[in-house]
Amino acid sequence: MNDFYNQLPLQDAFAKLSDQALYTPLPDDWVVGASDIVGSTQAIAEGRYKTVNMIGAAVISAQINAAEGRAFPFIFGGDGAAFACPGEHADAAARALSEVRVWAAEEFGLTLRVAMVPVAAIRSAGRDVAVARYQAAKGVDYAMFTGGGISWAEAEMKRGQFDLPHAPAGTQPDLTGLSCRWSQMKARNGQILSVLIQPEEGADDTAVADLIRDVLKVVGDLERNGHPAPVDGPGAGWPPAGAEMEARATHGKMTVAKRKRQILFESFLAWLLIRTGLKIGGFDARSYARSVGENADFRKFDDGLKMTLDCDDATAARLTEIMEEARKAGTIRYGMHSQSEALMTCIVPSMMRDDHVHFIDGAAGGYTQAATQIKGGSV
C-alpha cells in the first residue's frame, strides 16, 4: 500500500496554500486521471448545469468507490474532475473512469473525455504535479494542486492523448453516495461570483503568490470568506429538484422509478427532521446540515486559484481591479462569471460519518463559464 498521500500534513489555513513550499511532488510512479465534458458550455446554455456538475462529481464518486477506503487526491472542476493515484491502483482507476464515460453518454447523452497520464510523462514535458491537503473541516480535507501538471494533462487529453478503452455498453459505474438533494443557494450579498485565476506562462512565482495573497485578503473581508452556503447549511426543500437526476445516476440494477421513490422518501424524512429538529437513532439532521456547509469545497488551488463566492458588487469590482492589473503586468490570466445562485453536488458515503464531501459551483455554470473567458482572453 502506498502511504504517500496519508503521510502528507493537513493544512488548516487556506491562505497559506499560496506558498509553494507547502506542496509535495507526487511520486514518479503515480498516474493522473483527468476528465472533461465535451460541449459543456452548450449544455449549460441549454439549462443542463445540474447534469454537467453531476457528471463531474460522478468521476470522483466512482474513484472513491474504486479506492475502497484508500485516501487519494482529487479535485472538482465543474464540468470535469482530476485525481491522482499510485501506479499499482491505476488499472482499477482507469476502469472506473471508463465506466463513467459510457454511463454519461448512455444516461445523459453527453460525451466525457477521459485520460490517465503518468506523472513521469508530465515531468518529461517540463511540468510537475505537487499536492497539499487542506483540512476544510474536522472530518474532511481536500487536495490542492500546483506545478502546472494537471492543466497540462487536461490539455493533452483534449488533444486525444492518453485516452482509455471504452467500457462495454450498458456498464453502470459504482456511484454509491453520489447525491443532489440540496436546494440551490441564493446570493445573500448581491451575487455568486465564480473566479478562476491561472498563472501566465513564465510568470514569476513570487508575483503570482503575491497576487493571490492580495485577492484572498480582499475575500477575507467577506462574511466567512464569501462562503456561499448559509451557516445552517443549504436549504432542503421537498421534493428535491435533483431527485430525477440522482435516480438516473445511482439506480444501478434497479429501475430509475424505484430508485427515485427511495430518494423521495429519504429526502422527505430529512426535510421533516430539519424542519422539526427531531432526532432519529442519534441522527441530528440540523447538525448534519450545518456540517454540509462546513465541509463544502468552495475554494481550491488547482494550478491556480478557483473560488465560488457570495459577495457584494464592491468586492467584485475590487477583485476585478486587482486581477486586471496583474493581467496587464503579465502575471496571470483570469475569468469571472456572476450569477444569482450557487448549487451543490455531494458524495455522502454515510450521513452518520463526518467525511461527506460537497462540491460548490455557480448555478449558471460558474466555473465553466469563467473558463471560457480565460480561453477566449476576453476578460
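**Close-up views of a predicted chain**

The chain holds 11 helices and 19 strands, where helices (H or I, at least four residues) and strands (E, at least two) are DSSP runs numbered from the N terminus. This is a predicted model, in which local features need pLDDT of at least 70, side-chain atom pairs count only at pLDDT 80 or more, and totals for chains, interfaces and linings use all residues. Residues are numbered from 1 along each chain as its sequence is written, and side-chain values use heavy atoms, with hydrogens and water left out.

**View 1. The whole chain.** Let's start with the overall picture. Along the principal axes, the C-alpha atoms fill a box of roughly 55 × 50 × 40 Å. Of the 379 residues, 54% are buried (under 20% relative accessible area, with exposed over 50% and partly exposed in between; 1.4 Å probe, protein chains only). Among contacts (heavy atoms within 4.5 Å) between residues at least 6 apart in sequence, 78% join residues at least 24 apart.

**View 2. Helix α6 against helix α10.** Here α6 (residues 205-219) packs with α10 (residues 313-328) at an angle of about 175°, their axes 10 Å apart. Axes are lines fitted to C-alpha atoms, for helices over the stretch in contact, and angles run from 0 to 180 degrees between N-to-C directions. The angle therefore makes α6 roughly antiparallel to α10 (over 145 degrees; under 35 is roughly parallel, 65 to 115 roughly perpendicular and the rest oblique). From α6 come L211, D214, V215, V218 and V219, while α10 brings T315, R318, L319, I322, M323 and A326.

View 3. How many disulfides does the count come to? The count is 0, a disulfide being a pair of cysteine sulfur atoms within 2.5 Å. For C346, the closest cysteine sulfur is that of C180, 7.6 Å away and too far for a bond. C180 is buried, at 4% relative accessible area, and C346 is buried as well, at 0%.

**View 4. Around A93.** Take a look at A93, which sits in helix α3 (residues 90-108) and counts as buried at 5% relative accessibility. Leaving out residues up to four places away in sequence, A93 touches Q63, F83, C85 and M116. A67 is 26 residues from A93 in sequence, with 7.7 Å between their C-alpha atoms.
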